[in-house]
Amino acid sequence: MYNDCILTAKQAELSIRRIAYQILEDNSNEKRIVIAGVMSNGNHVAKSIAKVLRSISDIEVMDCQIHIDKKNPRNKIQTSIDASVYESQSVVIVDDVLHTGSTLIYTVCHFLQVPLTQCKVAVLINRNHKKFPIKADYKGISLSTSMQEHIEIVFKNDTFEGYLN
C-alpha cells in the first residue's frame, strides 16, 4: 500500500519532458546521444526521456540498459550495448531515484572506462542523502526525506507516480 503521493503522473510527465529539453540543450552539437537506464525503473524513465527526445529533435538517440547489482554495485556491470558503441559519445545515465549515490557512482565509473564526449546523470527524484560525490545533472524533483523513509516509483501504463512510505 502506498502512502503519500509525492510525484503525480502529470508531474512526472512534465519532469521527463523538461529533462529531455535540458539534455537536448546540453547536446545541441552532438549527432548522437546514448540514454542509458539503470534496470528496471531507471530504464523505464530512460525510455520515456528517449521518446521525448526523438519527438523534439533529429539527434540520434541510442537506448542502453544498465544491469547492476544494486545491493553489491561493485559486482560486474553489464550494458545492453558494447562499450565500443558508446565510446566518444555523449552518455546520459538515468535512474528513478538518487538516494545514497552508490548505484550511480559505480555506474559512472563503469562508463568512464572508455573515453566519452560527456557523461551526465538524470533522475526523476533526488533525495539529497548522498554518501558519494555524485550529483544529478537533470532531476525531476528534489526532496529532503529522512533516511528511514522510502520512495517508490510506480510505473504503469507508460506513466510514473512517486510515493513516500
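**Pockets, sheet and overall layout**

Colleague: Which element gives the largest share of the lining of the largest pocket?
Modeller: Strand β5 does, with four residues. Strands (E, at least two residues) and helices (H or I, at least four) are DSSP runs numbered from the N terminus. A pocket is an open set of points on a 1 Å grid over the protein atoms alone, where a 1.4 Å probe fits, with protein on both sides within 12 Å along at least five of seven lines; lining residues have an atom within 4 Å of a point.

Colleague: Before we go on, what kind of model is it?
Modeller: It is a predicted model, in which local features need pLDDT of at least 70 and side-chain atom pairs count only at pLDDT 80 or more, while totals for chains, interfaces and linings use all residues. Residues are numbered from 1 along each chain as its sequence is written, and side-chain values use heavy atoms, with hydrogens and water left out.

Colleague: Back to that pocket: what is its volume?
Modeller: The largest pocket has a volume of about 510 Å³, meaning the space filled by probe spheres set on the grid points. It is lined by 20 residues, and those closest to its centre are Lys70, Asp96, Val97, His99 and Thr103.

Colleague: Which elements supply at least two residues each of its lining?
Modeller: They are β5 (90-98), α4 (102-111) and β8.

Colleague: And how many of its lining residues are nonpolar, polar and charged?
Modeller: Five are nonpolar, eight polar and seven charged. Ala, Val, Leu, Ile, Met, Phe, Trp, Tyr, Cys and Pro count as nonpolar, Asp, Glu, Lys and Arg as charged, and the others, Gly among them, as polar.

Colleague: What about the second largest pocket; which residues lie nearest its centre?
Modeller: Ile16, Ser48, Lys51, Val52 and Asp158 do, out of 13 lining residues. The space in this second largest pocket comes to about 320 Å³.

Colleague: Which element gives the most to that lining?
Modeller: Helix α1 contributes the most, with five residues. At least two residues each come from α1, α2 (41-56) and β9. By class, this second lining holds six nonpolar, three polar and four charged residues.

Colleague: Changing topic: in what order do the strands of the open sheet run?
Modeller: The order of the three strands is β1-β9-β8, with antiparallel pairing; two strands pair if DSSP finds at least two bridges between them. Because β1 (4-7) and β8 (151-156) each have a single partner strand, they stand at the edges, and one side of each is left without a neighbour in the sheet. From one strand to the next, the twist averages 40°.

Colleague: How many bridges join β8 and β9?
Modeller: Six bridges hold that antiparallel pair, with β9 covering residues 159-164. Valine 154 has glutamate 161 as its bridge partner, and isoleucine 153 has glycine 162. Their hairpin has two residues between the strands, and asparagine 157 takes a positive phi near 50° there.

Colleague: And β1?
Modeller: Three bridges join β1 to β9 in the antiparallel sense, and aspartate 4 stands opposite leucine 164.

Colleague: Which helix lies across β1 and β9?
Modeller: Helix α1 (residues 9-26) does, running at about 115° to β9. Contact here means heavy atoms within 4.5 Å, and angles run from 0 to 180 degrees between N-to-C directions of axes fitted to C-alpha atoms, for helices over the stretch in contact.

Colleague: Finally, how many helices and strands does the chain have?
Modeller: It has four helices and nine strands. Its C-alpha atoms fill a box of roughly 45 × 35 × 25 Å, taken along the principal axes.
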